[in-house]
Amino acid sequence: MTISMFQCLLIGLWTAFCLAGMLFGIYTNRCLVMAAGVGLILGDLPTGLAMGAVGELAFMGFGVSQGGSVPPNPMGPGIVGTIIAITMKDSGIDVGSALALSFPFAVAFQFVITATYTFATTLTSYAYKALDKKISGASG
């Protein structure tokens, strides 16, 4: 199966929506929600739901991190794993194999998100300066 550019764009927008939902606390970052959306976009909702269910089972217990540890990101199986499961179904890849192939992506996504948050901490001084300018400009 091939994916069109329009489907790629929709998957990218769906991924951004799911990531933003994680930041807003509306739980769109769950494997089942992400995989169902990708399955709908690619036209294979049953495989999307199956991949989401397997991803949920695999990530059960990853929601709570102990100490300073950060669990892998569920976007790996939710987005990439579903794409693998649907597009490579004719090659003999089932949802279990797609889950195994998606775990390196889950770890990589978490590294990228942690690096982004780390970089964003350097921007707080600029935010404080902008707030100081706005407050002093409004009262003066």
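**Confidence**

The protein has a mean pLDDT of 87, and 91% of its residues reach 70 or more.

| Confidence in the protein | Helix | Residues | Mean pLDDT |
|---|---|---|---|
| Highest | helix 2 | 31-42 | 95 |
| Lowest | helix 6 | 124-139 | 77 |

Where pLDDT is low, the predicted coordinates should not be read in detail.

**Helix 1 and helix 2**

Helix 2, where confidence is highest, is in contact with helix 1, which spans residues 5-24. The axes of helix 1 and helix 2 come within 10 Å and cross at roughly 165°. Because angles over 145 degrees count as roughly antiparallel, helix 1 is roughly antiparallel to helix 2. The crossing of the two helices is right-handed. On the side of helix 1, the contact is made by Gln7, Leu10, Ile11, Trp14 and Cys18. Helix 2 contributes Val33, Met34, Gly37, Val38, Ile41 and Leu42. Of the residues in this contact, nine are nonpolar and two are polar, while no charged residue takes part.

**Glutamine 110**

Glutamine 110 lies in helix 5, which covers residues 95-120. Its relative accessible area is 15%, and since buried means under 20%, glutamine 110 is buried. Leaving aside residues up to four places away in sequence, glutamine 110 touches Val70, Pro71, Pro72 and Asn73.

Terms used. Residues are numbered from 1 along each chain as its sequence is written. This is a predicted model: local features need pLDDT of at least 70, side-chain atom pairs count only at pLDDT 80 or more; totals for chains, interfaces and linings use all residues. Side-chain values use heavy atoms; hydrogens and water are left out. Helices (H or I, at least four residues) and strands (E, at least two) are DSSP runs, numbered from the N terminus. Buried means under 20% relative accessible area, exposed over 50%, partly exposed in between (1.4 Å probe, protein chains only). Contact means heavy atoms within 4.5 Å. pLDDT is the predictor's confidence in each residue, from 0 to 100. Axes are lines fitted to C-alpha atoms, for helices over the stretch in contact, and angles run from 0 to 180 degrees between N-to-C directions. Angles under 35 degrees count as roughly parallel, over 145 as roughly antiparallel, 65 to 115 as roughly perpendicular and the rest as oblique. A crossing is left-handed if the near helix is turned anticlockwise from the far one by less than a right angle, and right-handed if clockwise. Ala, Val, Leu, Ile, Met, Phe, Trp, Tyr, Cys and Pro count as nonpolar, Asp, Glu, Lys and Arg as charged, and the others, Gly among them, as polar.
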